Amino acid sequence: MRLLSRIFLAVGFSLLAASASATPDNPQNGKDYLTLDKPQQTENTGKVEVLEFFWYNCPHCNVLDPVLHDWVKKQGDKISFKRVPVAFRDSFVPQQRLYYALEAMGKADEMQPKILRAIHVERQQLDTEAQIVDFISKQGIDKQKFLDLYNSFGVDSKVKRVPQLQQAFQINGVPTLAIDGRYVTSPSIISEGNGRMPEPALHAATMKVMDWLIAKSAKPAAKK
């Protein structure tokens, strides 16, 4: 009996250790984050680049947004944060143009929570150019200036660039976060690697993994 007890105790400790090694306090490649086979070039700003791949209609992007907003604010000058509106289908393109037109106007950050609220709380449909323009005209934004940018060559170029980014960063779902052109993580990746957990805990875990990846990327050795 004592031998069996020792065996069970040893097994228990080994399982506990394995579980601890996979927690966000000690992130593991393949469980808490993924390393890209081919690192992507980032802007040479002296800051760690963080990209959020998102879709306005995604309910998970909506719930994560305020958590991510607070995290970005907390990082200060350590990071360069950018959003990338994905397109898994052609029907996503109007919302991509919405984001990039607002970005060109310097209003993307200001409008992000308002758009998410309109879609997910007020249940407004913002899927077509007509619906988007009608919404924008009620937000105190110059309608004609918005339309000019919405249909501009600059916005068109950014929209056409997104599929290349999605392929390079191996994006197959949103929200997904890319750090330093080398790593990607997301609530879904962490959930798959560590088991199901309440969404607030999952979001907290995601931010901890990102903190760890930021620190890792900031080290000179990470650039080698």
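Biologist: What should I know about the model and its numbering?
Modeller: It is predicted: local features need pLDDT of at least 70, side-chain atom pairs count only at pLDDT 80 or more, and totals for chains, interfaces and linings use all residues. Residues are numbered from 1 along each chain as its sequence is written, and side-chain values use heavy atoms, with hydrogens and water left out.

Biologist: How many residues has helix 7?
Modeller: Helix 7 (residues 153-168) has 16. Helices are DSSP runs of H or I, at least four residues; strands are runs of E, at least two; both are numbered from the N terminus.

Biologist: Which residues of helix 7 are buried?
Modeller: V155, V159, V162, L165 and Q166. Buried means under 20% relative accessible area, with a 1.4 Å probe and protein chains only.

Biologist: Switching to strand 2. Which residues are buried on each side?
Modeller: V48, V50, E52 and F54 are buried on one side. E49, L51 and F53 are buried on the other.

Biologist: In what sense do strand 2 and strand 3 pair?
Modeller: Parallel, over seven bridges. Strands pair if DSSP finds at least two bridges between them. E52 has R83 in strand 3 as its bridge partner.

Biologist: What about strand 4?
Modeller: Strand 4 (residues 176-179) runs antiparallel to strand 2, with four bridges. There, I179 stands opposite V50.

Notes:
The expected span of a helix is 1.5 Å times one less than its number of residues. Buried means under 20% relative accessible area, exposed over 50%, partly exposed in between (1.4 Å probe, protein chains only).
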